Amino acid sequence: MPAVTLEHVCKRFGDVVAADDVTLAIEEGEFFALLGPSGSGKTTVLRLIAGFLKPDSGRITIGGQAVDAVPPYQRDIGMVFQSYALFPHMTVYGNLAFGLSVRGVPKAEIRRRVQEMLELVRLPGMENRRPHQLSGGQQQRVALARALITNPKVVLLDEPLAALDKRLREAMQVELKQIQRQVGITAIFVTHDQEEALTLADRIAIMNQGQVEQVGTPADVYERPRTAFVAGFLGDANFFAGRVTAAGGGGRPGEVATEYGLVVRTAHPLPPVGQPATLIVRPERMRLVALADPDGGRPGAAEEPPGAGQRAGDPAGAGEPAGNGFAARVQQVIYSGKTIKYVVAAFGHEFQVMEQNRDDRPLAAGDPVWVAWSPSHTVVVQP
Amino acid sequence: MRFLGGVAGRAYLALMLAFLYLPIVVMVLMAFNRSSLYTLPIEWDLIWFRSLLHNQRLLQAGLNSVLLATATMVVSTFLGTLAALAFHRYEFRGKALLQALLLPPIAIPWLILGTAMLIFFFWVGIGRGLHAMLLGHVALSLPYVVMVVGARLKGFDRTLEEAAYSLGANPWQTFLRVTVPVILPGVVAAGLFAFTVSFDMFVVSYFLAAPGVATLPVEIYTAIRTGLTPEINALSTIIIVVSMGLMLAVARLYNFAGDK
């Protein structure tokens, strides 16, 4: 039984549709991310689950029970706010004890549980501090401990790490995931940071303009984005748009004649022949091979995938079914330590290629290159 | 240049302070002077404070003032805090108009308000007396309370209430254990403000006082008309100390409200 479900949930604010027919099922013990740009409706969905907003239509369940008529304080949730929302007039102890004390838990039991939670979030001995005496990371942990102490059915986290600086954020990501695993709680968190979602989540729902564009594991949504938006939001992507010339199947790749006059092959299912199709390739899936011949001759055989010999403007020749490639010129080299990003130009367009920094003879701007990639890394998306 | 600027600045500050406090200082000093004719040098004595203890009229007026100010404080703070919460929390028709209507009672001269209240209270049969004065004082201190509590609420983070709900606290528990404690400095400051407004109020009290029932400012005014005695200086000294103490407390709480 899913821990939390949303069925055809809609919520509008005036003319703005903040949640548009959202249907989700979050499993027991799952760490689930709602990812999207600001204004995509992810926070609205979280607040609908918390009960701070009422859906215009649709149904929400928590722990198998419909919560349409249940106010937030009876939903048995925990929530971590972006601003932490620690009670400023209480000590750390008071903040942690609050949820238990309003439930009438005996004092001795509260004391024991607070100690446990402080151990869990590695803040022992801090119970008499006030929130403003704590660092950002410590406040974050107190907020998390406060949300977990009542053993809620689900914990909701609204951009929980957004207020922390980069290094602390990365450390807290690891810790957050550890604690979630350790407690085994169902957690739903909202973030606009795709890296954070990919790192932390078991599954991710990518939202855009109030709609869920795709739900899947991090590898699913990154490697096989369903739409151009998902592909673009989760990372850099090179786009190829065109018409299907061969549907493929039975071990043979499909083919799309793109606007650049280049035929791109894909191992993934395509629409029928003649239909438009959009293909994306991740920069790190493309490889660059230096070309000796400035006018775009073929690269040396050692660097080239077998059969990849197609040249720009030269449609796939017979007997060369497998690879993708085109000649280009390096436009820009962006060095960032362990990786190097190349911006290469061909057909009057720019493409991005990400290489590991393992070559001791890096390419320079102006170098002619052969860009090569495999049809299995050529993903078909909805435009 | 800088040194000269510093000297000029200090001199200016000293003049300002003298202008504000010199009359008060003179009055306080004279309260401790044995001579009733303001002669110098001062002969230190507490004779006027002692004779104040036997002045039944002034003592009764003082008691009236304290009772009235306390009642005003309680009623005004309660009503004003609820009003401020409503303004902060809800959007409703006429909200802007109602908020704008808070200001005129502060701007309209008290003399005019006092006259208006006197006429109105007679017209509806409320008449004069402590109850009429209470109504007047509440009406005049309410805008201050709404504004002071409202200022505190502006800095109130409503996610604190959402956090309380998410932890299982019902609206009543949330209000008592989160909202009230967080805005309390503002509420206390507003209450002290209301007390001071009532305690220092002369014009409206003068108009609404029934014969024989006076507050301190009214009684002092009457006493001055019949002849100035240093007893009044002694009494004024006490009032100044209490009023300034309250105002300093307000300032402190208010500042506390400002920087959290």
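This is a predicted model: local features need pLDDT of at least 70, side-chain atom pairs count only at pLDDT 80 or more; totals for chains, interfaces and linings use all residues.
1. Chain A overall. The secondary structure of chain A amounts to 8 helices and 20 strands. Its C-alpha trace spans about 80 × 45 × 35 Å along the principal axes. Of the 383 residues in chain A, 41% are buried. Among contacts in chain A with a separation of 6 or more, 62% join residues 24 or more positions apart.

2. The sheet. In chain A, 6 strands make an open sheet with mixed pairing, in the order β6-β7-β8-β3-β9-β10. The edges are β6 and β10 of chain A; each has a single partner strand, so one side of each has no neighbour in the sheet. On average, neighbouring strands of this sheet are turned by 20 degrees against each other, direction ignored.

3. The parallel pairs. At the β6 end of the order, β6(A) pairs with β7(A) in the parallel sense over 4 bridges. In this pair A:Ile77 stands opposite A:Val154 of β7(A). Strand β7 (residues 154-158) of chain A also pairs with strand β8 (residues 186-191) of chain A, in the parallel sense and over 5 bridges. Here A:Leu156 is opposite A:Ile188 in β8(A).

4. The hairpin. Strands β9 (residues 203-208) and β10 (residues 211-216) of chain A are antiparallel, with 5 bridges between them. A:Asn208 has A:Gln211 in β10(A) as its bridge partner. The hairpin of β9(A) and β10(A) has 2 residues between the strands, and A:Gln209 takes a positive phi near 50 degrees there.

5. The side of chain A that touches chain B. In the contact between the chains, 19 residues of chain A meet 16 residues of chain B. On the chain A side, β6 and α2 (92-101) each supply at least two residues. The largest share, 3 residues, comes from β6(A). By type, the chain A residues of this side divide into 12 nonpolar, 5 polar and 2 charged.

6. Helix α8 of chain B. This helix (residues 159-166) is mostly covered, with 6 of its 8 residues buried. Those buried are B:Glu161, B:Glu162, B:Ala163, B:Ala164, B:Tyr165 and B:Ser166. Just after α8(B), B:Gly168 has a positive phi of about 100 degrees.

7. A:Gln182. This residue lies in helix α5 (residues 166-183) of chain A. Why does A:Gln182 count as exposed? A:Gln182 has 9 C-beta neighbours inside 10 Å, and a residue with 12 or fewer is exposed. Its C-alpha atom is separated by 25 Å from that of A:Asp165, 17 residues away along the chain.

Conventions. Residues are numbered from 1 along each chain as its sequence is written. Chains are lettered from A and ligands numbered from 1 in the order in which they are written. A residue is buried if 20 or more other C-beta atoms lie within 10 Å of its own, exposed if 12 or fewer, and partly exposed in between; C-beta atoms are placed from the backbone. Two residues are in contact if their C-beta atoms, placed from the backbone, lie within 7 Å. Two strands pair if DSSP finds at least two bridges between them. Axes are lines fitted to C-alpha atoms, for helices over the stretch in contact, and angles run from 0 to 180 degrees between N-to-C directions. Ala, Val, Leu, Ile, Met, Phe, Trp, Tyr, Cys and Pro count as nonpolar, Asp, Glu, Lys and Arg as charged, and the others, Gly among them, as polar.
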